[in-house]
Amino acid sequence: MLAEALAPDAHVPAPARTPGAGSWQDFDWRRKAVAGSEADAGPSQTDGNAPFRPFETVSALPIAAELFRALNAAGLKYGIVQDLASVQDALAGRDDLDVLLDKHDYPVFCSIVSQMQGRRGVSLSCYDNVCAGREDWFIPDFSRGRYLHLDMHIGVRVGREFRKRYLAFDHAAIARWESICVEDASVPVVSPEDEIRIAIARFAFRAWAFPWSRWITLPDRWTDQLARLPSLPGEPSLSGEHGLHVVEYTFGGGRTAICRFRKSGDGLVADYGDLTRLRRSIREMSGFTGRYAIADAAVHLARKTSYLALRLLQRLMPGRLPPKRRPVAGGLVVAVVGPDGVGKSTQVDRLTQTFQWKFGCAQAYVGTGDGRGWWLRKRLQSLILPHRRSLKSLVQQDGNDSIRRNWVKGGVVTTGLALWAVMIAFERYAVVKRAHRWATRGMIVVSDRWPQTLRRGYLDGPTVPEHLFAIPGLSALARLEQKLYQKMEECRPHLTLHLVSDFAVSEQRKPGEIRKEAFEARLSLMAELRARDTQIRTVDAGASLETVNRELFRHIWLSL
C-alpha cells in the first residue's frame with residue numbers, strides 16, 4: 001500500500017547538469033567512494049549488491065558507533081534518511097539524526113536505547129515536528145558530556161508544515177540502501193535517488209500556485225536543499241522538451257506519478273500539475289480520498305498561529321509556558337554547591353548550554369554577587385558594601401566578640417544589615433519557588449548554589465545574627481527571615497551536587513577570593529549537609545574542567 005521508489009535502472013544514467021552544481025560537487029566523493037570500495041564492500045541490509053562507503057572523516061560520538069553495533073546485532077531494519085552533509089554533525093552530537101525504522105522493530109529499538117540510558121522527549125502538539133510515527137530519542141555519551149539526538153521515524157510522513165499526516169515512505173518503500181562506516185559499524189543510508197524522491201514529496205505539499213500556473217519557481221530554501229542532493233536524473237519529455245529532470249514514483253496497483261523540473265535562470269522551476277497529481281496520489285495511498293486540501297491548510301494555519309503566539313509569549317514571559325521539548329519524565333531542579341573558586345558558575349553555564357540544545361533549560365541564581373537580583377536589594381547592598389568584612393564578622397563570630405558589640409551600638413548599620421538580609425531571603429524564596437514552577441512545566445533548571453538553614457553566614461544561609469532576635473524592633477525582621485528559610489528548606493532541589501576540592505584549587509583559580517579558614521568552614525558545612533541527606537552526590541572539583549563537566553552531566557542525565 002505504500003509508495004515504492006523506482007529501481008535505479010529506470011532512469012537515464014547520464015543526468016544533465018542543474019543549478020547549484022557547485023554544491024552538488026560535494027557529493028562527488030560519494031560516487032568515487034562507491035567505485036573505490038566495491039571490491040571489499042559489505043552488504044546492505046536490504047540489497048546484497050549495495051555499495052559500501054567509508055565514513056572515516058566523521059568525528060562521531062563513541063556512543064553512535066555503539067548504538068549502530070547494537071542495532072545491527074539485533075538485526076533491526078533501519079536506515080538514515082538525510083543528506084550526508086548533515087550526518088557528520090549529527091553523529092558528532094551537533095545536529096539531528098533522521099532514522100527510519102521498520103514498525104515491527106520498534107519494541108526492540110526501545111529496549112536497546114533504554115539500556116544505553118536513552119531518554120525520550122515530548123513536545124507540545126502545536127509544534128511542526130509532532131506527528132504520528134515520529135519520536136525524539138536522546139542517547140548520552142558520558143565520555144564526551146554530550147548526547148546524540150535521534151529523530152526516529154516509523155514512516156516518513158509528508159504534508160503541510162504543521163499537518164504532516166500522509167505516510168509516503170516506510171522502510172520497505174526505500175528501493176535501495178547504501179552503507180557508510182562509523183568506526184567499525186556499518187550503517188545503512190538512503191540512496192541518492194530515494195533521497196531525491198523524499199525531498200520532492202515533501203516539497204509537493206509545501207508548494208502553492210494559481211490553478212492555471214504551469215511552472216512554479218522553487219523558493220530559495222528548497223532550491224538549496226535540492227542543490228545539496230546528487231544530480232537529478234534527466235530525460236526528454238514526451239513532448240520533446242529537453243533539459244528536464246524527471247523523477248518517477250510507483251504506487252500500489254501499478255499506478256505511477258512523475259515530477260518534472262527544469263532550470264530557469266539561476267533557479268529551478270517545477271511542473272505544478274505534476275506536484276498536484278503527486279499530492280493526490282499520496283493522499284489516496286494513505287486512505288484519504290476526499291478533498292482534504294482546504295482542511296489541511298486550515299489546520300496548518302491554526303497550528304502555526306498558536307506556535308507563533310507561544311514563541312512570542314515565551315520571549316516576553318520566560319518560563320511561564322511549557323518549553324518546546326522536555327524529557328518524558330518531566331523537569332528537574334539541579335543545585336551545584338561548593339566554596340568560591342571551584343568553578344560552579346563555569347560548570348553551570350556549560351551544563352545549561354549543553355541541555356538547552358534540545359530541552360527547555362534555564363539557570364537560577366540565589367546568590368548576592370553580580371548575578372541577577374532585585375534592584376532595591378542591590379542598591380542597599382552597594383551602601384553597606386564598604387562594611388562587608390565587619391558585617392561578616394558580626395554574623396559569623398560568637399556573642400562575646402567585641403567587634404559585634406561595637407556594631408550593635410551602631411543601630412543604623414545593624415538595621416540596614418537586617419533589612420538587607422530580609423530582602424535577600426525574599427529574593428531567594430522567589431527564585432526557589434520559580435525554579436520549581438519551571439521544573440513542573442518540564443524545564444531543566446540548574447543553579448550554582450542553594451539556600452541552607454544549618455549554619456548562618458555560610459553557603460547562602462540566613463544572614464541576620466541570632467542575638468538580634470532580642471533587640472526590640474529588629475526581632476520581627478529576624479523571625480521573618482527565619483520563617484522564609486524554613487519555607488525554602490521545604491523546597492529542596494531534585495538533585496544536589498557538591499563540588500569538593502583542596503584550598504589550593506580555589507586559590508589557583510581565584511587568588512584572594514576566599515581565606516583558607518572560610519574555605520574549610522564551607523567544606524565542613526557541606527559534609528554536615530551530606531550527613532543529613534544521603535542523596536547528595538559529590539564531584540571532585542580538582543580535576544580538569546572537561547572531566548568535572550562530564551561527571552556533572554552524567555549525574556544530571558541519570559536523574560532525568
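Guide: Helix α6 (residues 192-204) and α8 cross at roughly 95°, and their axes come within 9 Å. This is a predicted model, where local features need pLDDT of at least 70, side-chain atom pairs count only at pLDDT 80 or more, and totals for chains, interfaces and linings use all residues. Residues are numbered from 1 along each chain as its sequence is written, and side-chain values use heavy atoms, with hydrogens and water left out.

Visitor: What does that make α6 and α8 to each other?
Guide: Roughly perpendicular, a label for angles of 65 to 115 degrees.

Visitor: Which residues meet there?
Guide: From α6, Ile 200, Ala 201, Phe 203 and Ala 204 meet Leu 275, Leu 278, Arg 279 and Ile 282 of α8; contact means heavy atoms within 4.5 Å. The residues of that contact split into seven nonpolar, no polar and one charged.

Visitor: Switching to α9, which residues are buried?
Guide: Asp 296, His 300, Tyr 307 and Gln 314 in α9 are buried, meaning under 20% relative accessible area with a 1.4 Å probe, protein chains only.

Visitor: And what do the buried residues of α9 pack against?
Guide: They pack against β8 (156-160), β9 (163-169) and α8 (272-285).

Visitor: How about α10 and α18, at what angle do they pack?
Guide: Helix α10 (residues 344-356) and helix α18 (residues 545-559) pack at about 55°, with axes 10 Å apart. That makes α10 oblique to α18. The residues of their contact are eight nonpolar, four polar and two charged.

Terms used. Axes are lines fitted to C-alpha atoms, for helices over the stretch in contact, and angles run from 0 to 180 degrees between N-to-C directions. Helices (H or I, at least four residues) and strands (E, at least two) are DSSP runs, numbered from the N terminus. Angles under 35 degrees count as roughly parallel, over 145 as roughly antiparallel, 65 to 115 as roughly perpendicular and the rest as oblique. Ala, Val, Leu, Ile, Met, Phe, Trp, Tyr, Cys and Pro count as nonpolar, Asp, Glu, Lys and Arg as charged, and the others, Gly among them, as polar. Buried means under 20% relative accessible area, exposed over 50%, partly exposed in between (1.4 Å probe, protein chains only).
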